[in-house]
Amino acid sequence: MSEGVGAKLLLVGCGKMGGAMLDGWLASGVASRVVVIDLSGVPQSLEGDGRVAAASGPDALPDGFVPDVVVLAVKPQVMDGALPAYRALVRPGTVFLSIAAGKTIAYFQRVLGEQAAVVRSMPNTPAAIGRGMTVAVASPAVAQDQVALCDRLLHAVGDVAWVEEEGLLDPVTAVSGSGPAYVFLLVEALARAGEASGLSPDLAMRLARATVCGAGELLHQSPAPAADLRKAVTSPNGTTQAALDVLMGPQGLQPVMDAAVAAATRRSRELAQ
Ligand SMILES: NC(=O)C1=CN([C@@H]2O[C@H](COP(=O)(O)OP(=O)(O)OC[C@H]3O[C@@H](n4cnc5c(N)ncnc54)[C@H](OP(=O)(O)O)[C@@H]3O)[C@@H](O)[C@H]2O)C=CC1
Ligand SMILES: O=C(O)[C@@H]1CCC=N1
């Protein structure tokens with residue numbers, strides 16, 4: 001496949017994450033043809049799109065369809081049952097791009113064969129609006145043009161970082177893969193605290209949501225470090241300082257975040273089994 005020509009993708013699992021990425025690939029033109037294997041078939045929103053077709057399994061692909069990329073986007077717990085059937089698709093011109101938490105390159109090579117070209121990646125749900133963050137690592141069997149193709153696919157839904165050390169994918173999953181959930185929880189917690197201080201539920205949620213969205217966009221648009229943006233809100237001996245004395249104290253956010261990220265990192269390692 002030469003650069004500038006859309007890729008042929010086989011998407012295995014078209015749920016929350018796979019579906020969000022598919023939208024980005026079609027919108028950007030980085031994919032010209034996508035066959036979807038999912039228990040629910042092609043998402044309703046894509047029915048009638050001539051670039052997208054459904055298949056019931058890897059042995060029922062449309063005639064002549066040879067994927068450049070097989071995107072593995074099923075739950076890690078489903079992977080063991082699903083993956084062996086894809087062994088037949090292993091060939092030098094096809095790269096397997098996994099987004100599954102925990103599942104290692106060694107795991108894919110054990111099931112698919114040593115010669116399988118595998119990229120392991122960890123995206124996040126802001127990919128649905130083109131603002132994802134993905135970290136990826138390539139196995140030695142992946143050719144340079146396949147790295148470039150995966151890079152184009154991942155860039156179509158946001159920012160991308162490549163790492164050499166696969167072990168980093170576990171803490172990456174804990175920080176950016178799961179991270180959007182921590183931010184949404186912050187909105188919920190801030191709204192509940194507002195309610196506890198006397199605001200109506202509707203107003204508390206409106207304020208919490210707008211504050212996280214606005215602060216996120218300010219962070220996005222500003223070159224300033226997060227700590228500087230925080231300091232810009234914090235008047236000496238003012239209200240923010242009173243709150244930060246709690247949030248930055250010994251029982252504050254940092255030990256809780258350390259424990260949360262450590263728990264998610266451990267879980268990512270467990271999912272490798
Ligand atoms: N959600 C997230 O924030 C992120 C998820 N990931 C990873 O993405 C992967 C998918 O997660 P997510 O999108 O959240 O999960 P979903 O459950 O939303 O998507 C998985 C999809 O796979 C389908 N499916 C189940 N079995 C098979 C099969 N044998 N063949 C083909 N499709 C099948 C499911 O159908 P049905 O629903 O009918 O069972 C579902 O549509 C996971 O491995 C996860 O670790 C990575 C980063 C972030
Ligand atoms: O919760 C999970 O396991 C997946 C991986 C990262 C985000 N969601």
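**Entry 1: a crossover**

I began with strand E5 (residues 95–98), which together with helix H3 (residues 105–112) and strand E6 (residues 117–122) makes a right-handed β-α-β unit. I call a crossover right-handed if, with the strands pointing away from the viewer, the path from the first strand over the helix to the second runs clockwise. Helices here (H or I, at least four residues) and strands (E, at least two) are DSSP runs, numbered from the N terminus.

I note that this is a predicted model, in which local features need pLDDT of at least 70 and side-chain atom pairs count only at pLDDT 80 or more, while totals for chains, interfaces and linings use all residues. Residues are numbered from 1 along each chain as its sequence is written, and chains are lettered from A and ligands numbered from 1 in the order in which they are written.

**Entry 2: the strands around E5**

I looked up the pairing of E5 with E6 and found that they run parallel and are joined by 4 bridges, with Phe96 standing opposite Val118 of E6. Two strands count as paired if DSSP finds at least two bridges between them. Strand E4 (residues 69–72) also pairs with E5 in the parallel sense, over 4 bridges; there Val69 has Val95 as its bridge partner, and Val71 stands opposite Leu97. I then followed E4 to strand E1 (residues 7–12), which runs parallel to E4 and is joined to it by 4 bridges, with Leu10 and Val70 as bridge partners.

**Entry 3: helix H2 and Met79**

I found a right-handed β-α-β unit made by E4, helix H2 (residues 76–82) and E5. Within H2 I looked up Met79, which counts as buried because it has 21 C-beta neighbours inside 10 Å. The C-alpha atoms of Met79 and Ala100 are separated by 8.4 Å, although these residues are 21 apart along the chain.

**Entry 4: the ligands**

How many residues surround ligand 1? I count 25, the closest being Gly13, Gly15, Met17, Ala100 and Ala101, where a residue is near a molecule if its C-beta atom, placed from the backbone, lies within 6 Å of it. Helix H1 (16–28) and H2 each supply at least two residues of this shell. Around ligand 2 I found Ala101, Thr173, Gly177 and Ser178.

**Entry 5: helix H6**

Last, I checked helix H6 (residues 179–196): its 18 residues should span 26 Å at 1.5 Å a residue, and its end C-alpha atoms are 26 Å apart, which agrees. The expected span is 1.5 Å times one less than the number of residues. Just after H6, Gly198 takes a positive phi of about 115°.

How values were computed: A residue is buried if 20 or more other C-beta atoms lie within 10 Å of its own, exposed if 12 or fewer, and partly exposed in between; C-beta atoms are placed from the backbone.
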